[in-house]
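Please look over the sequence and structure shown here, and then follow the points below by topic.

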Amino acid sequence: MTPLPQISLATLAADATRHEECERLRVACEEYGFFYLVEHGIPKEQIAQAIDASSRFFALPQSTKERYGHASQGVYPTSARGYSPLYGEVLHPEAGPDPKEMFDLGIDNEADRRPFAGCTRLPDDALAPGFARSLLALQATVVNEVVPQLGNALANLLDMEEGWFQRHFSPPTVLQRVIRYPSSGGMAGKHTDNGFFTLLLQEELPTRSLQVWFGGRWVPAPSLPDSLVVNLGDMFQALSDDRFKSTPHQVVHTGPAERISLPFFIYPNIDARLTSRQGKQTFSVAEVMLRNFDSIWETGNGAGRARELQ
Ligand SMILES: O=C(O)CCC(=O)C(=O)O
Ligand SMILES: [Fe+2]
């Protein structure tokens with residue numbers, strides 16, 4: 001059993017029940033910074049198709065996958081999109097590069113030359129059947145349905161002025177990722193996520209691979225049927241003047257099967273400059289994101305608040 005609370009997006013979004021569920025959301029965020037999202041509205045088949053197609057993509061020959069690597073993508077920073085082989089990313093400096101492989105996508109916009117924007121070069125249907133199609137379909141549901149509803153409810157916890165969420169998340173910056181942890185053992189070093197919040201879809205496996213740092217110990221966040229995992233990121237913590245925390249977490253996957261997970265890292269609009277509720281912190285979204293990418297990919301110092309975590 002996991003102690004993590006469950007929050008219903010349908011209840012949160014309905015006028016008659018919103019108030020009570022918002023209170024439960026507040027408690028979940030204050031106590032854990034992690035919760036399960038149920039009644040989230042993402043069709044089960046859409047998730048299953050994305051996981052199946054991802055698994056097939058990762059089974060392609062290494063040289064084929066590497067044709068879609070960071071250098072082939074044409075987005076700045078280069079590590080923001082495309083395929084990354086095993087041992088590419090450092091989430092915690094002591095753990096070193098993680099045994100996991102990944103593919104990163106974002107919201108496509110050919111003409112947009114700002115950081116983290118542009119178009120993802122994806123394998124076509126002949127090479128990776130359903131890969132691009134299923135991941136972009138999932139992205140559309142997440143970005144158009146889940147992010148506005150959940151994002152608004154989370155923004156309300158921050159007590160910002162009317163229209164704050166709408167103003168700073170139109171559109172949001174979305175880092176969509178597909179991760180494969182091999183059956184021989186996979187890891188994601190302990191870290192915090194750097195954005196506003198993260199939505200995690202994970203393959204339904206009996207393992208307890210994802211672990212959350214809570215109450216001085218690692219608590220498993222296994223996949224529960226029809227549930228997503230949501231966690232708060234460093235930007236949420238900063239905007240709340242540290243009232244809410246971005247909770248440390250890690251992945252220790254020991255097999256016996258491989259594990260696919262599909263996180264969506266949700267950030268404000270890339271041009272936003274934001275100030276916390278009490279005015280103690282002001283930051284540029286692009287600057288914070290670029291610094292975090294530099295720490296992960298260039299200096300090996302890890303993600304989010306990793307350096308604070310022993
Ligand atoms: O794969 C997972 O379950 C979580 C991965 C994660 O925490 C991350 O990529 O930030
Ligand atoms: Fe994470």
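Helices (H or I, at least four residues) and strands (E, at least two) are DSSP runs, numbered from the N terminus. This is a predicted model, in which local features need pLDDT of at least 70 and side-chain atom pairs count only at pLDDT 80 or more, while totals for chains, interfaces and linings use all residues. Residues are numbered from 1 along each chain as its sequence is written, and chains are lettered from A and ligands numbered from 1 in the order in which they are written.

**Overall form**

- The protein chain has eight helices and 14 strands, and its C-alpha trace spans about 50 × 45 × 40 Å along the principal axes.
- Of the 310 residues, 45% count as buried, where a residue is buried if 20 or more other C-beta atoms lie within 10 Å of its own, exposed if 12 or fewer, and partly exposed in between, with C-beta atoms placed from the backbone.
- Two residues are in contact if their C-beta atoms, placed from the backbone, lie within 7 Å; among contacts between residues at least 6 apart in sequence, 75% join residues at least 24 apart.

**Nonpolar core**

- A nonpolar core is a set of buried Ala, Val, Leu, Ile, Met, Phe, Trp, Tyr and Cys residues joined through C-beta atoms within 7 Å, and in the largest one, which has 80 residues, Phe35, Leu37, Leu199, Phe236 and Ile266 touch the most other members.
- Helix α5 (residues 131–157) gives the most to this core, with 11 residues.
- Leaving out residues up to four places away in sequence, Leu199 touches Val142, Val146, Leu228, Val230, Phe264 and Ile266.
- In soluble globular proteins, nonpolar side chains tend to be buried together.

**Surroundings of ligand 1**

- The shell around ligand 1 consists of Ile179, Ala188, Asp193, Leu200, Gln202, Leu210, His249, Val251, Ser261 and Pro263, a residue being near a molecule if its C-beta atom, placed from the backbone, lies within 6 Å of it.
- Two or more residues of this shell come from each of β7 (197–202), β11 (249–253) and β12 (259–267).
- By class, the shell has six nonpolar, three polar and one charged residues, with Ala, Val, Leu, Ile, Met, Phe, Trp, Tyr, Cys and Pro counted as nonpolar, Asp, Glu, Lys and Arg as charged, and the others, Gly among them, as polar.

**Annotated region**

- UniProt, in an unreviewed entry, lists residues 171–268 as "domain: Fe2OG dioxygenase"; its positions are given in the numbering used here, feature names are shortened, and annotations may be inferred rather than shown by experiment.
- Over residues 171–268 the chain is 6% helix and 50% strand, and the end C-alpha atoms are 8 Å apart.

**Backbone features**

- Most residues other than glycine have a negative phi, and most peptide bonds are trans.
- A cis peptide bond with omega of about -5 degrees joins Tyr76 and Pro77, and Pro77 lies in the loop between α4 (62–66) and β3.
- Ser170 and Pro171 are likewise joined by a cis peptide bond, with omega of about -5 degrees, and Pro171 is in the loop between α6 (164–168) and β5 (173–181).
- Glu39, which is not a glycine, has a positive phi of about 45 degrees; Glu39 lies in the loop between β2 (34–38) and α3 (44–58).

**Selected residues**

- Ser183 lies in the loop between β5 and β6 (186–191), and counts as partly exposed because it has 13 C-beta neighbours inside 10 Å.
- Ser183 and Glu258 are 75 residues apart in sequence, yet their C-alpha atoms are 4.0 Å apart in space.
- His92, in the loop between β3 (82–84) and β4 (101–105), counts as buried because it has 23 C-beta neighbours inside 10 Å.
- Gly304 is found in the segment after α8 (285–297), and is buried, with 25 other C-beta atoms within 10 Å.
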